[in-house]
Amino acid sequence: MTSKKTSKTAEHAREIGAATPKDFQEAEAKGGGVVEVTVDGLTIAVDPTAFQSDWEVIEALAAMEDGSASPAAMMRVTKAVLGDAYDEVKEHVRDGGKVSADAMGSFLQDVFEVLNAGN
């Protein structure tokens, strides 16, 4: 039996373009962990394992979680997660000529949601 919470989670995952467990399995079988995710109408390729093996990124993620992350730590996580799509995402969230930290943070948070929903 599916709970109401699970149903809402699955629905939200579909809405934000979350990769499915099958997507992750297929990417892993091909020798690369790259999956396409869609956030805010932008589809990017992300390797969810690329940042998981970098200890400094893991430290930065922990600092972000407890609220003690420096801007440099947040930048390191953002670049590690977005990889080659970093500049494309900056242009996507640019508004009035500026890239706000809130817009980048929100986009990154959505990427994490998509990746977590797929696992």
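**A close look at the core**

Guide: Happy to, and keep in mind that this is a predicted model. Let's start at Ile-44. Leaving aside residues up to four places away in sequence, Ile-44 touches Val-35, Glu-36, Val-37, Leu-82, Ala-85, Glu-88, Val-89, Phe-107 and Val-111. In the largest nonpolar core, which has 24 residues, Ile-44 is one of those that touch the most other members, along with Val-81, Leu-82, Val-89, Phe-107 and Val-111. At least two residues of this core come from each of β1 (35-39), β2 (42-46), α3 (55-66), α4 (71-82), α5 (86-93) and α6 (101-118). The top contributor is α6, with 7 residues.

Now step back for the layout. The chain has 6 helices and 2 strands, and along the sequence they run α-α-β-β-α-α-α-α. Of the contacts with a separation of 6 or more, 50% are between residues 24 or more positions apart. Buried residues account for 29% of the 119 in the chain. The accessible surface is about 7,800 Å², and carbon and sulfur atoms own 50% of that.

Thr-78 sits in helix α4 and counts as buried because its relative accessible area is 10%, under the 20% cut-off. Not counting residues up to four places away in sequence, Thr-78 touches Gly-83, Tyr-86, Met-104 and Leu-108. Pro-48 belongs to the loop between β2 and α3, and this proline is buried too, at 8% relative accessible area.

Last, the charged pairs: the structure holds 3 salt bridges. In one of them, the side chains of Arg-76 and Glu-56 meet at 3.6 Å, N to O. Arg-76 is in helix α4 and Glu-56 in helix α3, so this pair ties together parts that are 20 residues apart in sequence. Both ends are partly exposed, Arg-76 at 41% relative accessibility and Glu-56 at 42%.

Lys-90 is partly exposed, at 25% relative accessibility. Then there's Glu-91 with Arg-94, whose side chains meet at 2.8 Å, N to O. Glu-91 is partly exposed at 48% relative accessible area, and Arg-94 is partly exposed at 33%.

Methods. Residues numbered from 1 in each chain as written. Predicted model: local features only at pLDDT ≥ 70, side-chain atom pairs only at ≥ 80, totals over all residues. Heavy atoms only, no water. Core = buried A, V, L, I, M, F, W, Y, C linked by side-chain atoms within 4.5 Å. Buried < 20%, exposed > 50% of the residue type's maximum accessible area, 1.4 Å probe, protein only. Helix = DSSP H or I, 4+ residues; strand = E, 2+ residues; numbered from the N terminus. Contact = heavy atoms within 4.5 Å. Areas by Shrake-Rupley, 256 points an atom, 1.4 Å probe, with all protein chains shown as cover. Salt bridge = Lys/Arg side-chain N within 4 Å of Asp/Glu carboxyl O.
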